Amino acid sequence: MSNFLIKRPQTIFNLFSSISKLNGVGEKRLTVLKKKIGPYIINILFYLPIKAIDRFQNTSLRTIEHGSIITCEVEVVEIIIPPFNFRKKNNISRIITFGLDQEKNIRLDLIYFGQNTKYLRNIYKVGNKIIVSGKFENFSGVGQIVHPDYVTTNNQRNLIPKIETIYPLFIGFNQKFISKLVSECLKQIPYFEEWLSQDTINKLNLPNWKECIVKTHNPNKMSDTELISNYRRRLALDELIANQISMLLIKSKISKEKTIKNIEKHDNILEKLYNLLPFKLTKNQNEVVNEILSDLHSNNTMIRMLQGDVGSGKTIVALITMLSSISDGSQSVLLVPTEILAIQHFNTINEFLKPLNINVCLLLGESKGSYNKKERLAIIEDIANGSIKIIVGTHALISEKVNYKNLSLAVIDEQHRFGVNQRVKITEKGSNVNILVMTATPIPRSLALTAYGDMNISTITEKPKGRKPIKTYVLPQSKIEDVLKSIKRAIENEALIYWVCPLIEESESTDLIAVNERFDYLKNYFKDCNISLVHGKQDKIDRENSMNDFKNGKSKILVATTVIEVGVDIPNATIMVIECAERFGLAQVHQLRGRVGRNDKESSCILLYKTELTPIAHSRLKILKDTNDGFVISEQDLILRGPGEVLGSKQSGNVDFKFVDLHVHSDLIELARKEASNLIKNDKERLKINTLLSIFENNEAIKLLKGG
Ligand code: ADP
Ligand code: MG
């Protein structure tokens with residue numbers, strides 16, 4: 001199934017019909033619903049309740065607590081309704097009731113603000129016994145319910161749902177409306193042929209898909225709504241299967257049989273490179289290199305991930321891989337997420353390869369003036385005619401205008417900054433392109449499987465010899481004077497300092513203000529030394545000058561936004577200051593911190609936080625202080641913030657699950673893989689595959705298979 005494209009089966013057309021036909025959905029509401037939930041019936045079905053309440057859990061006025069939901073029978077004793085023409089917003093109607101039987105003497109007031117009084121007079125009559133349900137409040141000793149959710153008579157009590165699901169709301173919509181929409185949509189669920197194997201259904205005791213959706217919205221008991229209920233587990237399993245199918249299909253799209261590359265395992269050129277290196281590869285680096293080289297020599301395309309904490313020395317492994325891959329005359333690219341990093345890698349690689357007489361080129365995106373257009377076109381031409389073998393660059397490498405003569409290897413650095421989309425695009429630039437993705441964010445296995453499918457993984461666990469652990473300090477912003485003083489001393493001792501400015505979530509332009517302000521402030525404070533500034537909106541030349549000045553030690557402090565987050569390698573820098581560290585993801589701070597500790601000197605990282613941390617923010621900063629282990633950090637990040645944070649926003653599309661919660665459902669991943677590969681093996685199962693993939697089409701990997 002290597003060229004599989006999703007085709008939505010006719011059997012589920014119903015689920016993809018527009019919500020415009022549903023009752024009560026006029027044009028105005030349609031616009032909002034489309035935006036907030038989605039245009040189709042299925043979007044409503046997948047609009048999950050945030051919680052459920054058991055309306056009959058509390059039925060006694062004697063024991064009810066302030067703020068809880070109560071459903072109880074009362075008798076109306078007095079109706080106080082202001083005259084109709086005085087009806088204003090703050091006009092209060094009060095229905096005084098008392099409990100029955102043992103609760104005869106307990107009063108409960110039903111309060112309405114500005115309610116249509118005619119309506120109230122209709123439903124309430126003195127002496128009537130009614131059932132009310134709503135949120136109980138103790139208001140200066142008198143119990144009350146403001147705007148009860150349900151008022152009915154005893155023989156109609158079954159109109160009050162036992163377990164009620166509560167949906168997230170938005171302006172102009174209330175619970176009742178959304179519930180009604182959902183029940184209408186539930187009626188539209190067609191019959192599906194079961195896609196799970198009988199074995200799995202029996203073993204896990206799973207209901208069918210339809211029942212699971214129905215029970216998610218209309219549970220019989222509270223436990224039905226829990227993530228560990230069989231209903232939710234089945235939906236999670238289905239979603240994981242769809243995810244694994246898409247991963248397998250993408251893999252078969254990328255990975256093909258190939259003819260064995262005509263390259264020597266330890267040819268001359270590698271020997272020469274090794275002799276030029278200022279260091280010896282660590283044992284671990286050598287092992288990883290061997291794994292990669294044997295992939296290159298096999299008759300299957302390589303899809304390998306190289307994991308290694310920040311500073312573990314992945315770049316040299318990438319270079320070795322590229323160098324051996326081009327020895328059969330083909331081309332290699334190194335794809336990186338930022339221009340700063342592309343320039344840095346280009347310079348490093350160029351330095352190593354110059355003595356070997358191998359040309360490298362740098363390809364960045366088209367930009368405002370500072371980059372020579374002619375030069376760029378010449379490079380693109382040299383890439384197309386094959387005269388350049390090693391190319392370093394940003395996203396420009398996968399742009400439509402760039403064609404390769406014979407691309408056979410793509411190394412993707414800081415892979416967490418890219419999506420599965422880019423991974424596929426680069427392989428489409430050649431036939432049988434080997435892929436090596438590199439990441440410093442070690443990913444817990446559960447996530448790796450869902451985000452990457454079954455890539456082979458190589459790991460560098462040891463850092464180059466002589467590295468000292470980075471000392472991390474966590475301080476409130478109010479201590480900034482102390483920090484500045486110690487930095488002054490450090491500068492006198494030849495230190496280079498990164499100063500990362502707060503991430504301000506509202507917009508990039510406010511980030512820019514922050515970084516400029518800090519730059520001016522520090523320039524003023526450290527009058528005797530040079531300070532540089534880098535950010536994403538800067539002119540390329542200015543930015544390169546800043547980076548170079550800092551690298552050469554001409555300027556002592558580099559004030560930066562997160563553009564320096566990944567990959568930047570300036571071994572002499574030993575201090576990293578991060579302002580408003582609580583706003584950054586854990587993995588992100590760990591990456592930033594990894595910019596120091598790259599030589600044999602003591603390095604430190606100072607995390608400044610704004611006042612009053614939430615307990616979560618506090619424990620996150622503590623984790624950073626306590627450990628330098630990227631693996632521990634990313635597992636903790638997964639627990640505290642969820643998969644999107646660990647993988648970075650670009651990739652979270654792959655694991656942006658509706659039903660799967662990776663903490664709760666990770667035991668289902670292996671099973672999902674098994675079910676997925678069984679379905680894929682069998683050509684007769686296309687209908688089931690198409691159904692599953694269509695239902696869960698929001699997944700980024702799946703979108704790709706749709707050709708979108
Ligand atoms: P990362 O894994 O974060 O990409 P880099 O490849 O940037 O790490 O390497 C970090 C630094 O360690 C670089 O300055 C590099 O030259 C150096 N380095 C890499 N391998 C070794 C080694 N075996 N011994 C000493 N230094 C090394
Ligand atoms: Mg790197």
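A polar contact here is a pair of N or O atoms within 3.5 Å; within protein, one must be able to donate a hydrogen and the other to accept it, and residues adjacent in sequence count only if both atoms are side-chain atoms.

The model is predicted, with local features needing pLDDT of at least 70 and side-chain atom pairs counting only at pLDDT 80 or more, while totals for chains, interfaces and linings use all residues. Residues are numbered from 1 along each chain as its sequence is written, chains are lettered from A and ligands numbered from 1 in the order written, and side-chain values use heavy atoms, leaving out hydrogens and water.

**View 1. Polar contacts of ligand 1.** A nitrogen atom of ligand 1 sits 2.8 Å from a side-chain N or O atom of Gln285. Oxygen atoms of ligand 1 lie 3.0 Å from a side-chain N or O atom of Arg598 and 3.4 Å from a polar backbone atom of Ser312.

View 2. Leaving aside residues up to four places away in sequence, Ile245 touches Ala676, Leu679, Ile680, Ile689, Leu692 and Leu693.

**View 3. Helix 18.** Helices are DSSP runs (H or I, at least four residues), numbered from the N terminus. Eight of the eight residues of helix 18 (residues 586-593) are buried, so the rest of the structure largely encloses it.

How values were computed
Contact means heavy atoms within 4.5 Å. Buried means under 20% relative accessible area, exposed over 50%, partly exposed in between (1.4 Å probe, protein chains only). Helices (H or I, at least four residues) and strands (E, at least two) are DSSP runs, numbered from the N terminus.
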